[in-house]
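Walk through this structure with me, one region at a time. We start at a single residue, then turn to hairpins, sheets and a helix.

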Amino acid sequence: MFRSREQLAGRFGTREAFAPAHAAPAALSFAQAIPVPPARPEPLRLRRGRRKDWRQIAHELRYDHLPALRDIDWVPDLALDIGSGRWLRGMATMAGLAATALLFWPSFDAVEAAPTTRVDARTRDEFRSQMIMPLALGGDSGRRMGATAAVIALANAPERPTIQLVATLGQGDSFGRMLQRAGVGSGDAARIESMVAAAVPLSEIAAGTRFDLTLGRRTSATQPRPLDDLNFRARFDLDLAVERRGGELALIRKPIRVDDTPLRIRGIVGSSLYRSARAAGAPVKAIQEYLRTLDTHMNLEMDLAPSDEFDIVVRYKRAGSGESEVGDLMYAGVTRDGKPRAQLLKWGNDGQFYEASGVGQTNQVRMGMTAPVFGRITSGFGLRRHPILGYTRMHAGIDFAAAYGSPIYATSDGLVTYAGWHGGHGNFVRLDAGGGLGTGYGHMSRIAVAPGMRVRRGQVIGYVGSTGLSTGAHLHYEMYRNGVPVNPGSVQFVTTTSALSGADLAAFKARLAVLRDLRPGAALGPLSGPAAAAPHREIDRLSTAAAR
């Protein structure tokens with residue numbers, strides 16, 4: 001590096017040392033022999049009588065004491081040179097400033113005044129143990145009350161003479177296991193189970209039945225408590241009780257007064273048969289069965305007028321204790337202008353509905369097709385381009401678009417010949433309706449029947465899904481004649497009827513006359529029959545009085 005004459009002269013002390021040759025002779029000074037170190041900057045010390053601003057101190061610190069930091073740009077423009085070292089240094093500066101600001105973030109907690117005496121959790125529990133509060137709260141502090149001289153400590157706390165509790169029979173639970181779980185000894189539980197089984201089959205006791213138990217005093221702490229009393233509802237018309245008399249258990253039957261008069265509901269069809277029947281007080285299950293039954297004998301969309309009257313009769317039981325139970329549909333009728341248009345009565349062990357003439361139908365008997373699910377047809381029968389495979393092939397059925405999980409109904413009576421996975425059909429069910437006719441239901445999300453089962457028309461056999469070769473939730477419905485797929489919309493079903501005769505026909509007509517003469521709402525009248533037993537517990541008497 002080349003230096004100027006003035007720079008070299010300044011370093012070695014004289015300017016004449018570098019004078020030209022014709023100048024005066026050079027004289028060696030002390031500064032040239034021994035180099036003098038550069039003077040250090042004045043320390044940042046505030047002398048008396050002299051005050052410096054913090055900005056001036058920072059400036060001197062940066063430019064005099066830390067010259068290496070002088071040329072660093074700590075706050076560059078972050079919009080320029082993104083990703084460079086200069087930009088990263090600026091980002092680090094911003095992050096450091098943000099972290100510093102967060103460290104000084106104020107707290108918004110409530111400011112509490114310091115108590116006169118410092119009370120921690122242990123001291124507070126000690127104070128509570130000396131107050132009356134633990135008596136009101138059940139001694140939840142875990143401390144004992146301050147005892148006086150009149151208090152005598154007991155070696156053992158006395159037990160309650162009796163314990164009253166409620167046990168519930170769970171789904172799949174055992175009667176004896178339920179009693180033992182409630183605290184009844186194994187010997188008493190076995191005897192009670194045999195006594196109850198002799199009065200009513202244990203399988204008929206419904207899950208969820210509640211049992212009121214009273215357990216007596218035990219002889220020692222290691223023995224289970226003996227059963228003193230047991231009460232429960234065994235059937236709709238029967239209460240059972242087990243009591244200990246003279247050291248032995250005895251079963252007591254308590255019949256309940258029950259009125260089984262059928263419930264008849266009538267009304268005008270109006271704009272919606274379903275809404276009108278619900279407004280008249282018909283249960284949902286009864287209305288659904290009523291609509292399915294009528295649909296087998298008439299077209300609900302074309303043959304019903306708003307001025308027609310619906311007639312529904314269902315099984316109905318009413319107990320003297322206030323409970324009611326709605327059963328199955330017994331009679332389905334439609335009246336127009338005072339004349340019966342449809343009269344269908346359930347008769348026989350198979351639950352088949354017969355017309356007023358005594359003629360019944362053993363399978364689907366009507367022209368055309370009944371939709372197996374509530375939905376619109378999206379693909380018909382015949383050749384089509386498969387949406388997944390991508391080539392044209394035969395579509396051997398029709399597709400119904402429906403919501404995922406919608407119920408699928410059998411379109412005819414029949415025998416389940418197949419229920420399971422069936423290749424591209426996914427979960428598939430096939431029914432044999434007899435006479436060479438059959439139906440198939442594919443792409444189910446869940447199957448509700450099993451092979452070998454007999455199903456009725458309108459019975460739920462599965463639920464809509466998208467299993468197999470399917471692009472979305474829908475039902476693929478097929479129909480077969482002698483094993484060959486046919487168009488479901490062009491099939492005429494074979495009519496198979498059965499007719500009652502002789503004594504069966506006479507009994508059928510007599511039963512039909514009784515139901516037709518039944519007054520609507522007669523089942524809600526005063527109860528008849530033997531009176532129910534009076535409650536033996538005070539809590540039962542109060543509950544009965546409140547219900548009245």
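Which residues does His443 touch, not counting residues up to four places away in sequence? The model is a predicted one, and in this model His443 touches Gly424, His425, Asn427, Val464, Gly465, Ser466, Thr467, Leu469, Ser470, His474 and His476. His443 itself is found in strand β20, residues 437-447. Buried or exposed, with a relative accessible area of 5%? His443 is buried, because buried means under 20% relative accessible area.

Strand β18 covers residues 414-421 and has an antiparallel partner in strand β21, residues 454-455. The two are joined by 2 bridges. β18 and β19 make a hairpin, with 5 residues between them. In the turn sits Gly423, with a positive phi of about 60°. Strands of a sheet pair through backbone hydrogen bonds, either parallel or antiparallel.

Next comes an open sheet. It is formed by 5 strands, in the order β1-β2-β3-β4-β5, with antiparallel pairing. The edge strands are β1 (163-168) and β5, each of which pairs on one side only. On average, neighbouring strands of this sheet are turned by 20° against each other, direction ignored. Look inside the sheet at β3 and β4: these run antiparallel and are joined by 6 bridges. Arg235 stands opposite Leu238 in β4. Helix α8 packs on the sheet and touches β3, β4 and β5. The direction of α8 makes about 30° with that of β5.

Stay with α8. This helix spans residues 186-199, 14 residues in total. From first C-alpha to last, α8 reaches 20 Å, close to the 20 Å expected at 1.5 Å a residue. Which residues of α8 are buried? They are Asp188, Ala189, Ile192, Met195, Val196 and Ala199. Why do they lie on the same side of α8? They cover an arc of only 135° around the axis, and therefore share that side. The general rule is that an α-helix has 3.6 residues a turn, so residues three or four places apart point the same way. On the other side of α8, Ser186 and Ala198 are exposed. The cover over the buried residues of α8 includes α7 (175-181), β3 (227-235), β4 (238-245) and β5 (248-255).

End at Arg264, found in strand β7, residues 263-268. Arg264 is buried, with a relative accessible area of 5%. Where does its side chain reach? The side chain of Arg264 reaches the backbone oxygen of Arg516 at 2.6 Å. It also reaches the backbone oxygen of Leu515, at 3.4 Å. Beyond four places away in sequence, Arg264 touches Asp311, Ile312 and Val313, along with Leu515, Arg516, Asp517, Leu518, Arg519, Pro520 and Gly521.

Conventions:
Residues numbered from 1 in each chain as written. Predicted model: local features only at pLDDT ≥ 70, side-chain atom pairs only at ≥ 80, totals over all residues. Heavy atoms only, no water. Helix = DSSP H or I, 4+ residues; strand = E, 2+ residues; numbered from the N terminus. Buried < 20%, exposed > 50% of the residue type's maximum accessible area, 1.4 Å probe, protein only. Polar contact = N/O pair within 3.5 Å; in protein donor to acceptor, adjacent residues only side chain to side chain. Contact = heavy atoms within 4.5 Å. Expected span 1.5 Å × (residues − 1). Arc of directions from axis to C-beta. Pairing = 2+ DSSP bridges. Axes fitted to C-alpha atoms, helices over the stretch in contact; angles between N-to-C directions.
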